[in-house]
Amino acid sequence: MIEVDRLDRLLGAIYDGPTESPPWNTALQQMREALSAAHVTLMLRPPSSESHGVMINTGQVTSQGVESYETHFFALDPFVRLPEGEVVTAEELIGSQQWLKSAMYQEYLKPLDIRHLLGADIYTKEGIECRLRITRSDDAEAFSAEDKALVKLLLPHLKRSIRLHAKLDYLECDRQLFAGAVNRMLVGMVTFAQDGSILELNQEAQRILAEKDGIVRSGTGIALSSNHENRDLQRMIRQALTGGPVEEPVEGPSVVEAMSVTRPSGRAKLGIVVRTIPLGEFTGAKQRPAAAVFLRDPESSGTQPSQEVVRRLFGLTRMEAALALLLAEGLTLDEAAEKLNVRRNTARTHLRSIFCKTGVTRQTMLVRMLLNSVISLG
């Protein structure tokens, strides 16, 4: 039986697996050593006719071998859909002679010097199906009852870790979605740890800080060019990190403060909002987002919203969508007509059609409606 210390390290690696890239690489390597295996493979998403799937391989594998399984041999593999929680060899599942005569063994595994195959499948109530496959070469011993017992012992832990990974993956997808939305809305965001050091900057924040026009990175934080403005900003950040006034921390709604930042270049002032990020009920980590600084550059043009999004959203023609976007940028009707290379009367005709389709009656209402719509997210 496996030593207690080795088992402890293996279980620890399984639960650390969701934070690795690729996930569970350490655990699978340790499992391969414990079982004297040639390979240990975890199919997080088994290959299918629609997708190559996702596999984490350990041991000597080639890209050609992986690709041939993902594109062809997965369809010939009889060693699939194993009973939940069972650990079986290929011979136990379909019979020794049938396995050795199978196309999967003869055409795929035998040329790779793989003779023994041990497997278990994991299914979760969230619809996850994973396959754990362990191999040994032709000159190695067959898997023993003790080998199978070890894998069976590890399966429930691996299943829990896979479910944890799925939840973390869901949260990361959510985070990326909202982070992308904030970027497209041209809002810079800087998050700070409890000690006041920067944890993360989004793309727009990096752009604003890189310009070094009134605000810069300074050490582990940020600073303003104007001394008195910088004192105000640092006070606001300290207050946000404590969740209340510096002299008298309080519990309750998150602290929010705002200020404008003078830019030495003479461009329009930056807008800054500082707010605390409330501590979760069961949070104990020090390196967690404790405060956020939001930056807005009123002169930032960013990425032009898609004309196709505007056209579909309001039922406009392509010319009408182009005109509406130019007006939203602040151009006059005459300037927009010149840029579109059309006569002023033609532009006015398009504008009347836009009014009719959107239900507004003035150009200022149209611009406000466009700026408040979802076009920036497209």
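Author: A polar contact is a pair of N or O atoms within 3.5 Å, and within protein one must be able to donate a hydrogen and the other to accept it. The structure above is a predicted model.

Reader: Which side chain does the side chain of Glu204 join in a polar contact?

Author: Glu204 is found in helix α8, which covers residues 203-211. Its side chain takes part in a polar contact of 2.9 Å, and the cut-off for such a pair is 3.5 Å. The partner is the side chain of Arg207.

Reader: Is Glu204 buried or exposed?

Author: Leaving aside neighbours within four places in sequence, Glu204 is in contact with residues including Asn183, Leu186, Asp297 and Ser300. The relative accessible area of Glu204 is 6%, and buried means under 20%. Glu204 is therefore buried.

Reader: Which side chain does the side chain of Arg133 join in a polar contact?

Author: Arg133 has its place in strand β5, residues 129-137. Not counting residues up to four places away in sequence, Arg133 touches His39, Phe79, Leu117 and Asp121, among others. One of these also makes a polar contact of 2.9 Å with the side chain of Arg133, and that residue is Asp121.

Reader: Is Arg133 buried or exposed?

Author: The cut-off for buried is a relative accessible area under 20%. Arg133 has a value of 6%, so the residue counts as buried.

Reader: How are α1 and α7 oriented to each other?

Author: Two packed helices are described by the angle between their axes and the distance between the axes. For helix α1 (residues 4-16) and helix α7 (residues 145-184), the axes come within 9 Å and cross at roughly 30°. Angles under 35 degrees count as roughly parallel. The two helices α1 and α7 are therefore roughly parallel.

Reader: What is the handedness of the crossing of α1 and α7, and how many nonpolar residues does the contact have?

Author: The crossing of α1 and α7 is right-handed. On the α1 side the contact is made by Leu7, Leu10, Leu11, Ile14 and Tyr15, while the residues of α7 include Leu150, His157 and Arg160. By class, two residues of this contact are polar, one is charged and the nonpolar ones number nine.

Reader: How are α11 and α13 oriented to each other?

Author: The axes of helix α11 (residues 318-328) and helix α13 (residues 344-358) come within 10 Å and cross at roughly 90°. An angle of 65 to 115 degrees counts as roughly perpendicular. This makes the orientation of α11 to α13 roughly perpendicular.

Reader: How many charged residues are in the contact of α11 with α13?

Author: From α11, Met319, Glu320, Leu323, Ala324 and Leu327 meet residues of α13, among them Ala347, His350 and Lys357. The contact of α11 with α13 has seven nonpolar residues and two polar ones, and the number of charged residues is two.

Reader: What is the phi of Asp113, and what is that of Asn341?

Author: Asp113 lies in the loop between α6 and β4, and Asn341 in the loop between α12 and α13. Asp113 is not a glycine, yet its phi is positive, at about 60°. Asn341 is not a glycine either, and its phi is also positive, at about 60°.

Reader: Is Asn341 buried or exposed?

Author: Exposed means over 50% relative accessible area. Asn341 has 69%, so this residue is exposed.

Technical notes:
Residues are numbered from 1 along each chain as its sequence is written. This is a predicted model: local features need pLDDT of at least 70, side-chain atom pairs count only at pLDDT 80 or more; totals for chains, interfaces and linings use all residues. Side-chain values use heavy atoms; hydrogens and water are left out. Helices (H or I, at least four residues) and strands (E, at least two) are DSSP runs, numbered from the N terminus. Buried means under 20% relative accessible area, exposed over 50%, partly exposed in between (1.4 Å probe, protein chains only). Contact means heavy atoms within 4.5 Å. Axes are lines fitted to C-alpha atoms, for helices over the stretch in contact, and angles run from 0 to 180 degrees between N-to-C directions. Angles under 35 degrees count as roughly parallel, over 145 as roughly antiparallel, 65 to 115 as roughly perpendicular and the rest as oblique. A crossing is left-handed if the near helix is turned anticlockwise from the far one by less than a right angle, and right-handed if clockwise. Ala, Val, Leu, Ile, Met, Phe, Trp, Tyr, Cys and Pro count as nonpolar, Asp, Glu, Lys and Arg as charged, and the others, Gly among them, as polar.
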